[in-house]
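Hi everyone, thanks for making time for this. I'd like to walk you through one model today, so please have a look at the screen.

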Amino acid sequence: PNICRPHSTKCKNWKKGLDKRYFKLMYNQNNIITHVLNQIYEKKIGYQRVVQWFQDNCPKDVDRMEFLTKAIDIDTGKINQEYICWLLEKMDVFRLKGSDWRPIEKCWDEIKENGK
C-alpha cells in the first residue's frame, strides 16, 4: 500500500495522519482474513484446531457435516473466507462499534502512559 514515503516530493507533511492512514489501509477486514488464512496454511495456527472450532460452534439449526462442507472445500482443504470472517465475528475480533468505543489513538496513548 502507498502511504507515501518521507522522501517523496508529493508528501510534504508525510507525518500528518500517518497512523490513521496506516490503520485504514492495513487493518481492514480483507487484510485480517487474508492474514489469518495465511497463518493457517503456513501452520502457525493449527488447521485441526480451526476445524474443531467449526465443529464445536456449528449453528444449532444446521447439520454439522453440511456446515463443515460449506466452510471447508472437501477437495482442496481450503477454508472459505466467509467462514473465517464468521469465526472472527464469533470470537469478537470483528464486532460493531459500541457506545463505549474509543478511537484507537486514544487507547494507544493510554497504553503508553500506563507503561504496558
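Let me start with a question: is Tyr22 buried, partly exposed or exposed? Tyr22 is partly exposed, at a relative accessible area of 35%. For these words, buried means under 20% relative accessible area, exposed means over 50%, and partly exposed is in between, with a 1.4 Å probe and protein chains only.

Before going further, a word on the source. This is a predicted model, where local features need pLDDT of at least 70 and side-chain atom pairs count only at pLDDT 80 or more, while totals for chains, interfaces and linings use all residues. Residues are numbered from 1 along each chain as its sequence is written, and side-chain values use heavy atoms, with hydrogens and water left out.

Now the overall layout. The protein has 6 helices and 0 strands, so in DSSP terms we count runs of H or I of at least four residues as helices and runs of E of at least two as strands, numbered from the N terminus. Of its 116 residues, 22% count as buried. The protein exposes about 9,600 Å², and carbon and sulfur atoms supply 51% of that; these areas come from the Shrake-Rupley method with a 1.4 Å probe, and for residues only the protein chains shown count as cover. If we take contacts between residues at least 6 apart in sequence, 49% of them join residues at least 24 apart, a contact being heavy atoms within 4.5 Å.

Back to Tyr22, which sits in helix α1, residues 18-26. Together with Phe23 and Tyr27, Tyr22 forms a nonpolar patch on the surface, with about 300 Å² of accessible area. Patches take residues with over 30% relative accessible area and no salt bridge; nonpolar side chains (Val, Leu, Ile, Met, Phe, Trp, Tyr) are joined within 5 Å, and like charges within 9 Å.

Let's go inside. Which residues have the most contacts in the largest nonpolar core? They are Ile33, Phe54, Ile72, Ile79, Ile84 and Leu88, in a core of 21 residues. The elements giving two or more residues to this core are α2, α3, α4 and α5, and α5 gives the most, with 6 residues. By a nonpolar core I mean buried Ala, Val, Leu, Ile, Met, Phe, Trp, Tyr and Cys residues joined through side-chain atoms within 4.5 Å. Take Ile33 as an example: leaving out residues up to four places away in sequence, Ile33 touches Gln81, Ile84, Cys85, Leu88 and Phe94.

Next, the loop between α2 and α3. Ile45 is found there and counts as partly exposed, at 33% relative accessibility. Not counting residues up to four places away in sequence, Ile45 touches Val36, Gln39, Ile40 and Val50. Lys43 lies in that loop too, and Lys43 is exposed, with a relative accessible area of 74%. Phi of Lys43 is near 65 degrees, a positive value in a residue other than glycine. Asp92, in the loop between α5 and α6 (104-114), also has a positive phi, near 60 degrees, without being glycine. Asp92 is partly exposed, at 47%.

Last topic: how many salt bridges does a search of the whole structure find? The search finds 2, a salt bridge being a side-chain nitrogen of Lys or Arg within 4 Å of a carboxyl oxygen of Asp or Glu. One joins Lys44 and Glu42, with the closest N and O atoms 3.4 Å apart. Lys44 is exposed, at 58%, and Glu42 is partly exposed, at 47%. The other joins Lys70 and Glu66, at 3.5 Å between the closest N and O atoms. Being 4 residues apart in helix α4, Lys70 and Glu66 are separated by about one helical turn. An α-helix has 3.6 residues a turn, so residues three or four places apart point the same way.
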